[in-house]
Amino acid sequence: MEIHKHHHWPSSLEEAKTIQENLRYQVITTDKLPETIKYVAGVDMGFLEDGKISRAAVAVLSFPDLQVVETSLAYHPTTFPYIPGFLSFREIPPVLDALEKLQTIPDIILCDGQGIAHPRRFGIASHLGLLIDIPTIGVAKSWLIGEYEELPETRGSWKPLIDKEETIGAVLRTRTGVKPVYVSSGHRISLLTAIEYVLHCTPKYRLPETTRIADKLASAR
């Protein structure tokens, strides 16, 4: 797939913060999806040589049957440090390289990280979705920001994730009796629709099949 929309990549934390603040208002949190969803994808990262080299993995699955259609790997020098809240600047450059290798263009991308459930409402899923203009969903394994009520143990249960009286995501139980995940709109998708797709993509395990497969590729497991 062709990647057209780039901005300069920052060399400092202040530059990164400015980019987030400037772009956050372009994020769309309503449904702007293709009429038919044929392919869903997951992206994830691994690191080599003590973090000096980033290995980005993309797995494209058919929808709704979740069969692997295509995978892609890309290696890229790591150019930004690990700083919570700014992971997109470390991870997106190699992810873009991996996406460019794809022949199958995904209709929705599920990211291992936050969407708008972020201090500046611009996590990696929102950042990536805005750059490539594809609907994205943040599916994070851990909490970053916001408050929520305890949710039932049953699969499909969820509670709003709220920050400063704004609903920024959902805490979603994808498997009965297992820790929840943190779902938020990335770009061009609403929270309720995002929850539906995440549940469909998690038929057996805690994490979506897209993310699970991309994680194995990125980690070379």
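How many of the ten residues of strand β2 (residues 53-62) are buried? In this predicted model, nine of the ten are, and the strand is therefore described as mostly covered when buried means under 20% relative accessible area.

## Overall build

The protein holds five helices and eight strands, and, read from the N terminus, its elements follow the order α-β-β-β-α-β-α-β-β-β-β-α-α. Its radius of gyration is 16 Å, close to the 17 Å that the globule rule gives for 221 residues, so the protein is as compact as a globular protein of that length. Along the principal axes, the C-alpha atoms occupy a box of roughly 45 × 40 × 35 Å.

## Strand β2 and its partners

Strand β2 pairs with two strands, β1 and β3. With β1 (residues 39-48), β2 runs antiparallel over ten bridges, and one of the pairings sets F47 against S54 of β2. Four residues lie between these two strands in their hairpin, where E49 takes a positive phi near 50°.

With strand β3 (residues 68-77), β2 is again antiparallel, here over nine bridges, and I53 stands opposite P77 of β3. The hairpin of β2 and β3 has five residues between the strands, and in it L66 takes a positive phi near 60°.

## Burial, contacts and surface

Across the protein, 56% of the 221 residues count as buried. Among contacts with a separation of 6 or more, 64% come from residues 24 or more positions apart.

The accessible surface comes to about 10300 Å², and 51% of this area belongs to carbon and sulfur atoms. The protein carries 24 positive and 27 negative charges, whose mean positions are 4 Å apart.

Key
Residues numbered from 1 in each chain as written. Predicted model: local features only at pLDDT ≥ 70, side-chain atom pairs only at ≥ 80, totals over all residues. Heavy atoms only, no water. Rg over C-alpha atoms; globule rule 2.2 N^0.38 Å. Buried < 20%, exposed > 50% of the residue type's maximum accessible area, 1.4 Å probe, protein only. Contact = heavy atoms within 4.5 Å. Areas by Shrake-Rupley, 256 points an atom, 1.4 Å probe, with all protein chains shown as cover. Lys, Arg positive; Asp, Glu negative; His and termini not counted. Charge placed at Lys NZ, Arg CZ, Asp CG, Glu CD. Pairing = 2+ DSSP bridges.
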